[in-house]
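Trainee: I am new to this structure and would like to go through it with you. Could we take a few of its features in turn?

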Amino acid sequence: MNKKVFIVSLGCPKNLVDSEVMLGALALVGYQTCATPEEAQLLLVNTCGFIQSAAEEAVEEILRLVAIKAEQPPGTLLVVTGCLVQRYGEELKKELPEVDLFLGTESFFDIAARLAALSPSVSPEMADLSGPAFLMTSSMPRLVSTPPHRAYLKITEGCSNACSYCMIPSIRGRLRSRDLEDVICEAKRLSGQGVQELTLIGQDLTAYGLDLVGQGSRLTDLLTRLLAETKIPWLRMLYLYPHRITDSLLQMIADNERLLPYLDIPLQHVSPAILRLMNRPFGKGAIDKLFARIDRIIPQAAIRTTFIVGFPGETEADVRMIEDFLRTYRLDHVGVFPYSNEEGSAAAKLPNHCSEEQKEERQQRLMELQAEISLAKNQALVGTINQVLVEGVSSETDLLLEGRLRSQAPDIDGCVYINAGECEVGAIVDLRITEAHTYDVVGEIVEEDDTGR
């Protein structure tokens, strides 16, 4: 008899891939996913523990399912996995006796066997959190949960950067790159399933292969193989670290239409003083040179970045540097986040912490500036014809279709509302933009003989 699992996957796309691996393993032993927790025999939460707000969200979700489990028939299981467990496992075990099993970032893939081995007890069971360093392979079962026309491809685990504010290396371990042939194997399988957009993800994509002793594989090698051995029309990359973006990578993107000219470059700050405190391996001069290279090689590139405000020691002068940077470079997508003081991080020990009020004011100020820039850039698109990947009926109203430009990453950036024309979900169509909003645009599908090309 088939059993049902209800899953909540929190955090980033990298976490979502982990969730899909778990769903694949569970499917092999008879589990089917369901839409509501009330109909499930297994309640599963894959947590994020990157920053305090993510940890709080995870705990709230766990407690919600604890309450639902209490109303379910005996034998209903609650399993909690992911970064929060890896970081706070023993504390969670003490505070949440209603949870049947905790799995960290190194043991989640073995969920089916762990469930089968559960023994009746009054306290939660905890998998060994020290376990071997996990690295997924193409042979692992994976139940892709995104729409059929798009998928994520995780090419690395962990991170060997040593940013002072970040706990990822202590949670996920050091950089571990997947074997090039293994990545290509999975990509070819996804291509055969009709994926139209494949998004490469990792904590630092540009570090791919640096740990593969004797293989010499690098991101450009992987991209060359993806272009040659798959037919996926849109290949997108997330998380390109500034100091490893080479001219050869930029030129490859410029020369190949299938490599989307979308550069997700997490700067986090531009003040030389704050970058040093963050232990970022680059300075303001290197950033300016990078953006000059991008403008020379891929002038049409859409650039996304993130900034952390309220870092210990940050002054008004430092914030004004970000304001000047935004006005100068007028980026397409910007996220601004208040600094989160993470226990155990090097930054937590720094002096001169900013108040929560200062963080919020600085975040709001920068986001208001970026909103003006984003609106102006979208207004410049009105009247132009662009390729759009159609996602389906809009989440806002069933009277509109929804899609994304090449410059819009799924679940991160804005979208396109399609108010005229017909097409299939997952199709890539030409669309004339007719209206602009701060983060979204509106447009109509045009026929091939009406593109003006």
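Predicted model: local features only at pLDDT ≥ 70, side-chain atom pairs only at ≥ 80, totals over all residues.

Trainee: Which hand does the crossing of H7 and H8 have, and which residues make the contact?

Mentor: H7 passes H8 in a left-handed crossing. From H7 the contact uses Leu-219, Thr-220, Leu-223 and Thr-224, and from H8 it uses Ser-248, Leu-249 and Met-252.

Trainee: Let's move to another pair. How do H11 and H12 lie to each other, roughly parallel or roughly antiparallel?

Mentor: The axes of H11 and H12 come within 10 Å and cross at roughly 10°. With the limit for this class set at under 35 degrees, the two helices are therefore roughly parallel.

Trainee: Which residues of H11 and H12 meet, and how many of them are charged?

Mentor: On the H11 side are Glu-316, Val-319, Ile-322, Glu-323, Leu-326 and Arg-327, and they meet Glu-361, Arg-362, Arg-365, Leu-366, Leu-369, Gln-370 and Ile-373 of H12. By class, this contact has six nonpolar residues, one polar, and a charged count of six.

Trainee: What span should H12 have, given its number of residues?

Mentor: H12 covers residues 356–379, which is 24 residues. The expected span is 1.5 Å times one less than the number of residues.

Trainee: Which residues of H12 are buried, and what covers them?

Mentor: An α-helix has 3.6 residues a turn, so residues three or four places apart point the same way. The buried residues of H12 are Lys-359, Arg-362, Arg-365, Leu-366, Leu-369, Gln-370, Ile-373, Ser-374 and Asn-378. What covers them includes strand E13 (302–309), helix H11 (316–329), strand E14 (333–338), strand E18 (428–436) and strand E19 (441–445).

Trainee: Now to single residues. Is Tyr-239 buried or exposed?

Mentor: Tyr-239 sits in the loop between strand E11 (234–237) and H8. Its phi is near 70°, a positive value in a residue other than glycine. With a relative accessible area of 17%, against a limit of under 20%, Tyr-239 is buried.

Trainee: And Asn-352, is that one buried or exposed?

Mentor: Asn-352 also has a positive phi, about 60°, although it is not a glycine. Its place is the loop between E14 and H12. The relative accessibility is 59%, and over 50% counts as exposed, so Asn-352 is exposed.

Trainee: Which residues does Ala-187 touch, leaving out those up to four places away in sequence?

Mentor: Ala-187 is found in helix H6 (residues 180–192), and at 0% relative accessibility it counts as buried. Its C-alpha atom is 8.2 Å from that of Leu-198, eleven residues apart along the chain. The residues touched are Leu-153, Leu-198, Leu-226, Thr-230 and Ile-232.

Trainee: How far apart in space are Thr-137 and Glu-186, C-alpha to C-alpha?

Mentor: Thr-137 lies in the loop between strand E6 (125–126) and strand E7 (150–154). Beyond four places in sequence, it touches Arg-178 and Asp-182. Thr-137 and Glu-186 are 49 residues apart in sequence, and their separation in space is 8.3 Å.

How values were computed:
Residues numbered from 1 in each chain as written. Heavy atoms only, no water. Left-handed = near helix turned anticlockwise from the far one by under 90°. Helix = DSSP H or I, 4+ residues; strand = E, 2+ residues; numbered from the N terminus. Contact = heavy atoms within 4.5 Å. Buried < 20%, exposed > 50% of the residue type's maximum accessible area, 1.4 Å probe, protein only. Axes fitted to C-alpha atoms, helices over the stretch in contact; angles between N-to-C directions. Parallel < 35°, antiparallel > 145°, perpendicular 65-115°, else oblique. Nonpolar A, V, L, I, M, F, W, Y, C, P; charged D, E, K, R; others polar.
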